[in-house]
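Let's take a walk through this protein together. Keep the model open beside the text and follow along as we go.

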Amino acid sequence: MSLSMSTNVFIQLPDTILTKRTTLKKTSIADATTLFDIWSDDEVAQFMNIEKFSTILQAEEMIQAIENEPNACRYTIFTTDDSLNAIGSLGINDINKTNQTIEIGYELAKSHWRQGFMFEILTTFLTTVKPYLPYKVLTAKVLPDNVASIKLLKKLGFELTTTGQELDLHSGRICEISNYRMLLK
């Protein structure tokens, strides 16, 4: 079921998505404490282009900002055997009607890095939401030194399109950013 560009895509998306090892639930303010543990981790935050969080209030404000953004949605990731402690989040960061693209973003607690979780999660997520997406081009922004994320995107079928510069909120400096895209078939 394809939706027109004027339809709110996110209302139609399922509240819960299951993968082999995880459960993705639409992020709510109740997830602030468990996401704070991830978003306040310096090693994770350095790749998210956010300043490292120091209070749960910042996590609550981030979740509220996503809920208020009509072109974004987020899912909190839990393992199937632990529905209380998040291991990350992912979602749609932006729908750009001018460029007809959808930008995705994701992060994972470092305790779950390099175990195939994000490949499993993104494969299922993209398959699940594809019928609801109004455009056929996905994009993702990655810092060039985030080698694991670059390998993941390439494995999923994304290709490097451009590089540019952005303000890195984590370091407070201008940094290089790699832009990847994938055509949905």
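This is a predicted model: local features need pLDDT of at least 70, side-chain atom pairs count only at pLDDT 80 or more; totals for chains, interfaces and linings use all residues.

**Starting from the core**

In the largest nonpolar core, which has 35 residues, Leu 90, Phe 125, Leu 138 and Phe 158 touch the most other members. A nonpolar core here is a set of buried Ala, Val, Leu, Ile, Met, Phe, Trp, Tyr and Cys residues joined through side-chain atoms within 4.5 Å. Buried means under 20% relative accessible area, exposed means over 50%, and partly exposed is in between (1.4 Å probe, protein chains only). Who supplies this core? At least two residues come from each of strand 3 (73-79), strand 4 (82-96), strand 5 (101-108), helix 5 (117-129), strand 6 (137-142), helix 6 (147-156) and strand 8 (173-183). Helix 5 gives the most, with seven residues. In soluble globular proteins, nonpolar side chains tend to be buried together.

Now zoom in on Phe 158. If you skip its neighbours within four places in sequence, Phe 158 is in contact (heavy atoms within 4.5 Å) with Ile 104, Leu 138, Thr 139, Ala 140, Leu 153, Tyr 180, Arg 181 and Met 182.

Residues are numbered from 1 along each chain as its sequence is written, and side-chain values use heavy atoms, with hydrogens and water left out.

Step back to see the whole chain. It holds six helices and eight strands, in the order α-β-β-α-α-α-β-β-β-α-β-α-β-β from the N terminus. These are DSSP runs numbered from the N terminus: helices are H or I with at least four residues, strands E with at least two. Of the 185 residues, 47% are buried. Among contacts between residues at least 6 apart in sequence, 61% join residues at least 24 apart.

How does the chain's radius of gyration fit a compact globule? With 185 residues, such a globule would be near 16 Å, and the chain has 16 Å, so the two agree. That radius is taken over C-alpha atoms, and the globule rule is 2.2 Å times the number of residues to the power 0.38.

Finally, visit Arg 173, in strand 8. Is Arg 173 buried or exposed? With a relative accessible area of 58%, Arg 173 is exposed. From C-alpha to C-alpha, Arg 173 and Gly 88 are 25 Å apart in space, and 85 residues apart in sequence.
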